[in-house]
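Work through the exercises below with the sequence and the coordinates at hand. Each task is followed by a solution in steps.

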Amino acid sequence: MGTLLRPRPLAHAAATPSTAHAVVVGGGGGRGRGVECQPHRVRRRPGPQVAVATASWRRRRETVVRSDFAAGGAATMGDSPQALSDIDVVSRVRGVCFYAVTAVAAIFLFVAMVVVHPLVLLFDRYRRRAQHYIAKIWATLTISMFYKLDVEGMENLPPNSSPAVYVANHQSFLDIYTLLTLGRCFKFISKTSIFMFPIIGWAMYLLGVIPLRRMDSRSQLDCLKRCVDLVKKGASVFFFPEGTRSKDGKLGAFKRGAFSVATKTGAPVIPITLLGTGKLMPSGMEGILNSGSVKLIIHHPIEGNDADKLCSEARKVIADTLILNGYGVH
């Protein structure tokens with residue numbers, strides 16, 4: 001019969017992660033039998049320095065991967081940390097350049113706005129076409145250096161002389177720049193704190209942008225009343241019915257304020273779908289600018305006297321377009 005021997009521990013065994021195996025020595029022609037011992041692995045806890053370094057690397061990798069995911073998949077999960085880091089650096093450099101270009105352009109064009117403003121108040125107080133033309137030049141100069149814009153459905157835009165209520169999905173800080181290139185005299189609604197920014201905030205005031213204090217029901221009511229008044233006097237207004245930028249790129253629920261303005265004034269609703277701005281500059285990551293392109297789709301006007309029905313129809317048009325192009329909807 002075979003004999004089961006227990007070997008003595010070797011000097012180097014302590015350095016290996018597994019224990020020694022049982023050895024079977026055969027007898028009688030080598031037909032020995034024995035019991036096979038399954039090795040077990042000794043797990044050692046990493047030291048404090050190793051744990052901290054590992055956690056730090058994981059946090060950095062998660063941040064970079066989140067940035068890349070928002071950027072539309074420029075890199076994959078299988079890419080090396082160095083490649084992901086390089087992409088992140090390039091996006092941050094592009095972001096700095098973007099703000100530098102827009103700031104320089106805004107300074108010179110703001111001067112032009114100030115010069116023509118007295119004439120605008122005398123002859124075109126509500127539409128302010130000259131100011132919007134300057135804003136169009138500013139937005140076009142800025143974005144043309146950083147991303148390609150494709151506009152579809154320009155034939156659906158009413159002339160500047162016809163008031164309308166424009167609505168669109170809201171993905172990014174770049175949405176305003178993109179929409180200003182259309183050259184339409186619509187009044188945006190913006191929170192009051194933005195008006196305090198030098199140059200940009202002052203230019204918004206000259207454009208006639210409507211201030212809003214969030215979470216203030218009285219301010220919201222005043223804002224809607226002012227929108228109704230502007231539309232009745234021949235100007236157009238622009239709403240982001242979601243109320244804020246989407247955090248995950250998916251279309252959120254619509255508020256009915258814009259559509260109540262349309263029903264009270266009889267103005268048509270012009271739905272607009274923005275594609276790609278959230279990938280270039282995701283919400284909450286305004287310090288970066290990824291490479292890519294943007295598409296703006298102008299849909300057919302919608303008319304009616306039921307605010308809830310208008311809200312549902314406009315949202316469906318935008319949601320269907322987003323889904324068709326691979327975007328999500330809540």
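**Exercise 1.** Is D229 buried, partly exposed or exposed?

Solution. The model is predicted, so local features need pLDDT of at least 70 and side-chain atom pairs count only at pLDDT 80 or more, while totals for chains, interfaces and linings use all residues. Residues are numbered from 1 along each chain as its sequence is written, and side-chain values use heavy atoms, with hydrogens and water left out.

Step 1. Buried means under 20% relative accessible area, exposed over 50%, and partly exposed in between (1.4 Å probe, protein chains only).
Step 2. D229 has a relative accessibility of 34%, so D229 is partly exposed.
Step 3. The partner of D229 in a salt bridge is K233, at 3.2 Å from N to O; a salt bridge is a side-chain nitrogen of Lys or Arg within 4 Å of a carboxyl oxygen of Asp or Glu.
Step 4. K233, at 40%, is also partly exposed.

**Exercise 2.** Which parts of the chain does the pair of E286 and R245 tie together?

Solution. 
Step 1. In the salt bridge of E286 with R245, the closest N and O atoms are 2.7 Å apart.
Step 2. E286 sits in the loop between α8 and β10 and R245 in the loop between β8 and α7, so the pair links parts 41 residues apart in sequence. Helices (H or I, at least four residues) and strands (E, at least two) are DSSP runs, numbered from the N terminus.
Step 3. E286 has 21% relative accessibility and is partly exposed; R245, at 25%, is partly exposed.

**Exercise 3.** Locate R256 and D308, and state how far apart in sequence are the parts they join.

Solution. 
Step 1. The side chains of R256 and D308 form a salt bridge with an N to O distance of 3.0 Å.
Step 2. R256 belongs to the loop between β8 and α7, and D308 to helix α9 (residues 307-324), so the parts tied together are 52 residues apart in sequence.
Step 3. R256 is partly exposed at 44%, and D308 is partly exposed at 48%.
Step 4. The structure holds seven salt bridges.

**Exercise 4.** Is M285 buried or exposed?

Solution. 
Step 1. M285 is in the loop between α8 (277-280) and β10 (293-298).
Step 2. The relative accessible area of M285 is 15%, so M285 is buried.
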